[in-house]
Amino acid sequence: RKSIMAQPTTRIGLAGLAVMGQNLALNIAEKGFPISVYNRTTSKVDETVERAKKEGNLPVYGYHDPEAFVHSIQKPRVIIMLVKAGAPVDQTIKTLSAYMEKERKRWLNWVCSTLGWEFQVVRKVLEMVPL
């Protein structure tokens, strides 16, 4: 799988393009912040990029490949994660963290949309990703 096209580096990435994730990505882009987006289901990436074009050629850059997605974000990498609570959180963290830097000088930022899971997500990140 490859990224849709060559894109510039962004300051923000968003993983999880269901209704809330797609709308947040478009809202961030509409406010003038270029954003990289990724979803396990690649059709969601294509749909989001197409919607961004239709809504004013917004700076939304889609990636089908998790490695390309992570590397499209400037360091320190900030990734907003909007995925269903539970196993999808674990899977997304595991998939994306494989391409994150392991040195302590790097920061890994995750935001989870599901209320009540924030502390569990932070704990899981600390367990899964050597900082």
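## Salt bridges, cores and helix packing

Glu-30 and Lys-31 are joined by a salt bridge, with 3.6 Å between their closest N and O atoms; the term stands for a side-chain nitrogen of Lys or Arg within 4 Å of a carboxyl oxygen of Asp or Glu. Please keep in mind that this is a predicted model, in which local features need pLDDT of at least 70 and side-chain atom pairs count only at pLDDT 80 or more, while totals for chains, interfaces and linings use all residues. Residues are numbered from 1 along each chain as its sequence is written, and side-chain values use heavy atoms, with hydrogens and water left out. Helices (H or I, at least four residues) and strands (E, at least two) are DSSP runs, numbered from the N terminus.

**Salt bridges**

- Three salt bridges turn up when the whole structure is searched.
- Arg-51 bridges to Glu-55 with an N to O distance of 2.6 Å. Arg-51 is partly exposed at 27%, and Glu-55 is partly exposed at 41%.

**Nonpolar cores**

- The largest nonpolar core has 16 residues, and the members touching the most others are Leu-14, Ile-35, Val-37, Leu-58, Val-60 and Ile-80. Such a core is a set of buried Ala, Val, Leu, Ile, Met, Phe, Trp, Tyr and Cys residues joined through side-chain atoms within 4.5 Å.
- Two or more residues of this core come from each of β1 (12-15), α1 (19-30), β2 (35-38) and α2. The biggest share is from α1, which gives four residues.
- Another core lies apart from this one; it has nine residues, including Tyr-38, Tyr-63, Phe-69 and Ile-79.
- Setting aside neighbours within four places in sequence, Val-37 has contacts (heavy atoms within 4.5 Å) that include Leu-14, Ala-25, Val-45, Val-60 and Phe-69.

**The aromatic pair**

- One aromatic pair is found in the whole structure. The ring centres of Tyr-38 and Phe-69 are 5.5 Å apart and the planes lie at 25 degrees, so this pair is stacked.
- Rings of Phe, Tyr and Trp (its six-membered ring) pair if their centres lie within 6.5 Å; planes under 30 degrees apart count as stacked, over 60 as edge-to-face and the rest as tilted.
- Tyr-38 belongs to strand β2 and Phe-69 to helix α3 (residues 66-71), 31 residues apart, and the pair links these distant parts of the chain. Both Tyr-38 and Phe-69 are buried.

**Helices α1 and α2**

- The axes of α1 and α2 are 11 Å apart and the helices pack at an angle of about 35 degrees. Axes are lines fitted to C-alpha atoms, for helices over the stretch in contact, and angles run from 0 to 180 degrees between N-to-C directions.
- From α1, Gln-22, Asn-23 and Leu-26 meet Lys-44, Glu-47, Thr-48, Arg-51 and Ala-52 of α2.
- Asn-27 is another residue of α1, and it is partly exposed at 35%.

Terms used
Buried < 20%, exposed > 50% of the residue type's maximum accessible area, 1.4 Å probe, protein only.
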